[in-house]
Amino acid sequence: MSARLETKYLSLNLRNPLMASAGPLTGRPDTLHALEEAGVAAVVLPSLFEEQIEHDDIEAHRLFMYQTESFAESLSHLPEVGAYPTGPDEYLARLSAAKKSLGIPVIASLNGCTTGGWVRYAKMMQEAGADALELNIYMVADDECEPGAAVEERYIDLVTAVRETVTLPLAVKIGCQFSSLPNFVQQLVHAGADGLVLFNRYLEPDIDLDKLEVLPSLHLSQRHELRLPLRWIAILRDQTRASLAATSGIHTAADVIKALLVGADAAMMTSALLQSGPGLARKVLHELRSWLDEREYESVDQLRGSMSRKNCPDPGAFERANYMRALTSYTAEYRAP
Amino acid sequence: MSLRQLVTVDGNEAAASIAYRLSEVIAIYPITPSSAMGESADSWAAGGQRNVFGTIPDVIEMQSEGGAAGAIHGALQAGALSTTFTASQGLLLMIPNMYKIAGELTPTVFHIAARTLATHALSIFGDHSDVMSCRATGWAMLASSSVQEAHDLALVAHAATLRGRVPFLHFFDGFRTSHEVNKIEMMGDDDLRAMIRPEDVAAHRGRALDPDQPRLRGSAQNPDVFFQAREAANPFYLAIPGLVQEAMDALSRLVGRQYRLFDYVGAPDAERVIVMMGSGAGAVEEAVEALTARGEKVGLVKVRLYRPFDAAALLAALPRTARHLAVLDRTKEPGAIGEPLYQDVITALFESGSTPLPRVIGGRYGLSSKEFTPAMAVRVFEELQADSPKKHFTLGIVDDVTHLSLRWDPEFTTEAADVTRAVFYGLGSDGTVGANKNTVKIIGENTPLHAQGYFVYDSKKAGSITVSHVRFSPRPIRSTYLITRANFVACHQFHFLERMDVLELAEPGATFLLNSPYGPAEVWDKLPREVQETIIAKKLRLFVVDALEVARAAGMGSRINTVMQSCFFAISSVLPREQAIEEIKQSIKKTYGKRGESVLRKNYAAVDASLDGLHEVTIPAGVTSSIHRLPAIASDGGNDFVKRVTAVLIAGKGDLLPVSAMPVDGTFPTGSAKVEKRSIAYEIPIWDPKICIDCALCSLVCPHAAIRMKPYVPGALAGAPEGFQSKEWRGKEFTDYRMTIQVAPDDCTGCGVCVDVCPARSKEAVKHKAINMEPKQPHLERERANFDFFLNISDPARTRMKLDTVKTTQMLEPLFEYSGACAGCGETPYLKLMSQLFGDRTIIANATGCSSIYGGNLPTTPWTVNADGRGPAWANSLFEDNAEFGLGMRLAVDQRREYAEALLRGLAGSVGDDLVRGLLESQQYDEDQVAGQRERVALLRKKLAGNDSHEARTLAGLADVLVRRSVWIIGGDGWAYDIGFGGLDHVLTTGRDVNILVLDTGVYSNTGGQASKATPRGAIAKFAALGKSARKKDLGMLAVSYGNVYVAQIALGANPSQTVKVFNDAESYPGPSLILAYSHCIAHGIDMSTSMSHQKDAVNSGFWPLFRYDPREAHGSAHAFHLDSRKPTKPFKEFAQQEGRFAMLSRSNPARADMLFALAQQDIDDRWHYYEQMAGVERDIADGRPGGAA
């Protein structure tokens, strides 16, 4: 009998641990469908960006208002166009449509910029039928007067506010740069997070040397990037009962397996699906199953966390020793001429 | 019975609402002030709104009003109910078709926002000169004098034309009625159906051309029968007055408003009566009410149906007691015994045979929307009482030349105490007018009060000042004139206090609301002395609010409209405060709801915060301020005309100028924009010479010539004001020179385009450039002194430079400066460049449009002169004829030159052969040669001075034309691609030496962004609200196909060097040249501050490829067509997302956007492929020297 792939993420029962994280493929009905067909267990829709929505609405308004009622011959400059989607209309419509057409759980993702916005849009997503909510929190702490604790406090306040508003399962997607991630994760869980998505990959600036301009750039993930979530999931798994999802660098079945081994409830994939198409999921799941079967695992449950820090034969490997080992191995390879 | 809504709309919407619902085909073309009727029809059709027959009218934009009339004529012949809207010159273009339509007894209604015809000057404002030009066309003419009437009589016209077959002009006064917002009862579809008899519609359809029942219409007739056939239609005209009255009666039964062919109001036993038509009747009616209340026997006849003129109905309307009549005409017919209505009334009275005949006098009033008030009407009644009144008079002006004008008492008023009269001064950009329109709507549609709004704009597109006149009254408001006694005044911009008398209209005890950065405690001392004096003298109540701060805090930027609106409601007590706030929010929701929740939230936040920031100021007992209001102009430069006329116009007191002050033929001196220091920028560019690389791009792109570059000898710095910046000149053109980049701080509009294009950045802080926008105020005094000094430094000699680079062109003095064009305008930099290169010997024919408005709208013109007094000579004829107009100039110049040359040859003996040869053979293709010719002409003059022969004196008068003249034909794409294309095409074929510059914005920019044939596929524009479906016309290639036309497509922001080359090439080409210049425009929905660098994207995407075709190279194996831009690298879609005109289609209709954008990409690919092939094509043009083969 083949190994059981079912897993639980947040409170959702997933048919396997492979999820498609927020990205272009989860933004279109045809690719969403293809992902489901290929076996993906759940999808996270692209984030609704409060800042973007507000910006778009205000800019469109400004566009129509600009230099109107200024000159007797041209009281306006653009025709009134028919109704166009404003605010979160379009996102919510996409969410409802996805929910209607898919059998797998659909997770909405939200990036707010004001507390009011987080709460308002979270509520709307719940009403639009999302199975769960992923809070994609992205704050660049750029003020020397703001201590780390205050930054953490902002996260906690947000999660608390959203938790008070919605009953949906709540995942929080964060970056890795916190002084004490385990402690911070506990705070998030106390504030109402049902799970963590580790880790967010941010838009990082690049510089155009000809124009001396900053260029925002986002590259697809590389496999080596998985190592960071692996370490932290291994560490967190033993300290929290919250769901943990690995994201960044999940490209193959092997990556999924590694994530499960350190304790992830689910593995989220985007870059590899973008590169190879939704059909890649089928291959990954097949290989996952084969790997489990070959090694006679009964289930993903059995596998999960079997190499968490606690369960790992060498817990230090996830800590400082990891660095030492790497250094040693490099120097060991070095041969003096 | 249908439910009728009380709505507040303007006259245009009131009329268009009827016309749209009763039409199947609507052909439109933009022209102020009627454009809004076409825009409404187009947007209703785009929104799927149906007419009363259940179909969506086919609304089609044509290439001109002539085209619209032709299309309507055809649609009528083929059986459709059809209409159009127009005004002024547009109506004139329809006249040929109007004769046909009437001659064929075809029912239709044209709705006209009556506007002044261009004579000595263009005017967009209202009078009856256009409709009066149609008297002979055979159309019935029905006049509305208010917004409600524009609605009601529009329906009467449609009903009567179908009944009687005679076509109708339904007209109302441009702006005063077309743009006045007033509360009216709007009729429902059932009302319209009740008024239109199905059998009349069926009869019209039955007359359609139909191959199943073939007929011929429009035959050619001969002397034998034409006359009889013309008389055959008489019974139809005889029937019309009766049919119109029937329709009016039917309307009265339906809605209770009774109209008659001639409506009389006033004393039943009136002895003195005014006869008139149009909006002025409102003012007269108020005067009549006031006078009859005093027991005076006066009255008013309002003419509704002017043609066919029913004399019997007029006589029936006049009280039998009427002994003295004054007929007022809002038009002028120079040379006539009297104006048309006057003559008609006289004829009607005379033909009636009744005795004794009343004494009749005639007056002209209100030309070009000149104010017409009850006080003026009272003066007419007084004149009627005189023993020997002026038989012909004018009203509203002071005529100190022919002394026709009547002086009136401006103190007379009919304004009632219970009417709220509020005047708001704002900037165009701060939303004041929009807020007031909203306020009028709130009051009009939510209270029993009547509401009226009328809005006055100045003639500038950047930094324009608006004045809103708003009335609320328990009775219908007929006051068709501006408020002169306001009980509420609001000044939405604090700095206006220094520039204008905003309290002039405040009546004693009025409330004054001021947007002030200073709080209630400190504001008093910041007010100019004159303002303090008025506040104390008139006992005004003063309230302040820092609206900008409130708006910014609410995320509204500088749009202070909702803040000021809330404050108005809070202190004006028109509505209870709570209710007012609620209504404002409701109105915001209604107006901006579709823009999204975040927009609403910000507006609501502004409303809520407004009242907290509103404070009443305790008025001190005495005047304390040492600040004084500024004079209208800083200096008249010793120019008498500027002092007598221009300064008065700038001060907003043009109404006070007497007839004698005005040029008799519309001719004005140039060089006046420089006296109008408007100082509208909040930020100006400040130069950092340490970083500057002398590239001159800032100067090149400046739309207002407000940042300039000048190289000079170091000695020129003697006496420079402290802080005058200077650096060493880096170019090879001069050695040991210094240079300065200088801003004109009071002329800059703060658009920021110069800073955007500046390529020089600090090595230490990259964001710091060689010029940077900084708040103006701290720099103002110093930069003023610097600019004055800069102007006085001698310009480098033109002869020392080869004017073929961006840098050298920018050393030349611009002869186009400080125009009132939009901040960041994409057109004006081209004109400025042309003026720098050739301005001192240029004649310009300028098509009507943006360029004629910022180029020639009073009070000032940006066209100017150099130190020698030379500069562009400029004229605007019309919209449609500009190519022909410019060609005529070239023909005249050539004729004059030919005559001069003939005279010169004849005088060779006395002048000297060498000089004659020099003068005749001079090439004049560079500045040296031009300068040499000027010297020769000066020498010639000297030699001729001693010769008293007729030939010598004639030659002396013509000699200047021996210096090469550069004829420029300038206009926008609406002219070149559409209305003027026939003429432009013809001019291209003449081979004559004219330079045609098309400022291609891809829309009718001046009238508010209607689509032209230059509008790109996929862009939304007015008249193309669903995105233009057709490809942009390739005017360049049409011209290239002639072979002997120099053609180039340029984009200054993308490739300035190519632009400079093209201007030089085109001008030097001795035949016709056509330059298509990419001109960004606010109608593109772009960030104007980065508009120039955005042109690079237009070129890189292939949206606007750059090319040149030079017939001089069309010989042998040379290639005459050059592609000056690289193969497109940017997808069109990416470019399109940067412009609102495309991006909004993506948002509102993504499927259509995808379809149109894909086609647009295909257009680009195809065109590039075509041009690439063209670049390899060899031509051998026989008349490579154009005109040669002719």
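**Exercise 1.** Decide how helices α15 and α19 of chain B are oriented to each other in this predicted model.

*Solution.* 
- Helices α15(B) and α19(B) are oblique to each other.
- The contact of α15(B) with α19(B) holds 3 nonpolar and 7 polar residues, with no charged ones.
- For the geometry, two packed helices are described by the angle between their axes and the distance between the axes.
- The axis of α15(B), residues 432-446, crosses that of α19(B) at roughly 40°, and the two axes come within 9 Å.
- Angles under 35 degrees would count as roughly parallel and 65 to 115 as roughly perpendicular, so the crossing is classed as oblique.
- The crossing in which α15(B) passes α19(B) is right-handed.

**Exercise 2.** Find which residues of α15(B) and α19(B) meet.

*Solution.* 
- From α15(B) come B:Thr432, B:Gly434, B:Ala435, B:Asn438 and B:Thr439.

**Exercise 3.** Work out the strand order of the open sheet in chain B and what stands at its edges.

*Solution.* 
- The 9 strands follow the order β1-β8-β18-β19-β17-β20-β21-β22-β23, with mixed pairing.
- At the edges are β1 (5-10) and β23 (615-617), each with a single partner strand, so one side of each has no neighbour in the sheet.
- From one strand to the next, the twist averages 25°.
- Within this order, β8 (residues 181-186) and β18 (residues 450-457) of chain B pair in the antiparallel sense over 2 bridges.
- B:Val181 has B:Gly453 in β18(B) as its bridge partner.

Definitions and conventions:
Residues numbered from 1 in each chain as written. Chains lettered and ligands numbered in written order. Predicted model: local features only at pLDDT ≥ 70, side-chain atom pairs only at ≥ 80, totals over all residues. Pairing = 2+ DSSP bridges. Helix = DSSP H or I, 4+ residues; strand = E, 2+ residues; numbered from the N terminus. Axes fitted to C-alpha atoms, helices over the stretch in contact; angles between N-to-C directions. Parallel < 35°, antiparallel > 145°, perpendicular 65-115°, else oblique. Left-handed = near helix turned anticlockwise from the far one by under 90°. Contact = placed C-beta atoms within 7 Å. Nonpolar A, V, L, I, M, F, W, Y, C, P; charged D, E, K, R; others polar.
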